[in-house]
Amino acid sequence: MSEQRPRVLLSVASSLDGYIDDTARRRLILSNQQDLDRVDEVRASVDAILVGASTIRADDPRLLVRSAELRRRRVAAGSPASPARVTVTRTGEVDPAAQFFTEGDTARLVYTDDGAVAAVRSRLGAVATVIGAGDPLDVHRLLADLAGRGIGTLMVEGGGAMHTLFLTAGVVDELHLVYAPFFVGDAEAPRFVHPGTFPQDAAHRMTLAEARPIGDVVLLRYLVEGPPVEDAL
Ligand SMILES: NC(=O)c1ccc[n+]([C@@H]2O[C@H](COP(=O)([O-])OP(=O)(O)OC[C@H]3O[C@@H](n4cnc5c(N)ncnc54)[C@H](OP(=O)(O)O)[C@@H]3O)[C@@H](O)[C@H]2O)c1
């Protein structure tokens, strides 16, 4: 029997040379307003959004659906105004006052190693549900747990460690890759993915479903296999 898991959409904005940030303290803007509106529509179409703990520390993202109309449509369909928020941490060293935990009225789920649950719960248990997903954490167990909580579609929004974890585990169904028209050129900057063994290699190419210019950026939409998450995009 095939494993029970949500459909997984991985979304990233990258420089032309494959960096998803630079090393400055302020957040690097890769997207443009038109593309942010597109991302908002994708967010509004999923049940949960996942980012790694380092992204919460670096960017303090809210991960809310910004458009009032899209929020209204979700609520009319019986969903929370914004998708559930999911993160992954070993150390639990994430600020409970981060917007990930404090903004909006939606579920917050923190996955960690079984052996770290007690420590992570003591730090984040008041603001999130802390769940062990194996020792070490097994992404298949994480996804099975999400499916058990009614999550049918998961959007993975980075950073590089999360993209690498999900891609190398072979659990990504669709990739949305936005290229910004500039270079970062700093070997210390975070990359889209880290080195690893990827099922999608030169012998196992993905299917290009769409290449769309959006202002000065371009969206490449790849299907790993099967139908797209959201045909209407
Ligand atoms: N351009 C974009 O689309 C985009 C999107 C998102 C983020 N970013 C950028 O990406 C950068 C962060 O990326 P990143 O690769 O450093 O970090 P990340 O993927 O956001 O998070 C990495 C963290 O996740 C936890 N983790 C990773 N693997 C784990 C495992 N197997 N088990 C348990 N926990 C695990 C660890 O947290 P602990 O250390 O807490 O244990 C680790 O430090 C930032 O600069 C951010 O701005 C860019």
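View 1. D60 is partly exposed, with 14 other C-beta atoms within 10 Å. Here, buried means 20 or more other C-beta atoms within 10 Å of a residue's own, exposed means 12 or fewer, and partly exposed lies in between, with C-beta atoms placed from the backbone. The model is predicted: local features need pLDDT of at least 70, side-chain atom pairs count only at pLDDT 80 or more, and totals for chains, interfaces and linings use all residues. Residues are numbered from 1 along each chain as its sequence is written. Phi of D60 is positive, near 45 degrees, although D60 is not a glycine. L63 also has a positive phi, about 60 degrees. Most residues other than glycine have a negative phi. L63 counts as buried, with 26 C-beta neighbours inside 10 Å. D60 is found in the loop between helix 2 and helix 3, and L63 is found in the loop between helix 2 and helix 3. Helices (H or I, at least four residues) and strands (E, at least two) are DSSP runs numbered from the N terminus.

**View 2. Helix 3 and the glycine after it.** Helix 3 spans residues 68–76. Of its 9 residues, the number buried is 0, so helix 3 lies largely in the open. G78 follows helix 3 and has a positive phi, near 90 degrees.

**View 3. The shell around the ligand.** The ligand is surrounded by 27 residues, and the closest are G52, S54, G158, G159 and A161. Helix 2 (53–59) is one of the elements that supply at least two shell residues. Others are strand 1 (7–14), strand 2 (48–52) and helix 7 (160–168). Helix 2 gives the most, with 5 residues. By type, the shell holds 14 nonpolar, 8 polar and 5 charged residues. Ala, Val, Leu, Ile, Met, Phe, Trp, Tyr, Cys and Pro count as nonpolar, Asp, Glu, Lys and Arg as charged, and the others, Gly among them, as polar.

**View 4. Two cis peptide bonds.** Most peptide bonds are trans. A cis bond joins G158 and G159, with omega about 0 degrees. G159 sits in the loop between strand 6 (153–156) and helix 7. Another cis bond joins D135 and P136, with omega about 0 degrees. P136 is in the loop between strand 5 (129–132) and helix 6 (139–148).

**View 5. F166 and its contacts.** Leaving aside neighbours within four places in sequence, F166 is in contact (C-beta atoms, placed from the backbone, within 7 Å) with V8, L10, V139, V156, V171 and V172.

Terms used
A residue is near a molecule or strand if its C-beta atom, placed from the backbone, lies within 6 Å of it. Two residues are in contact if their C-beta atoms, placed from the backbone, lie within 7 Å.
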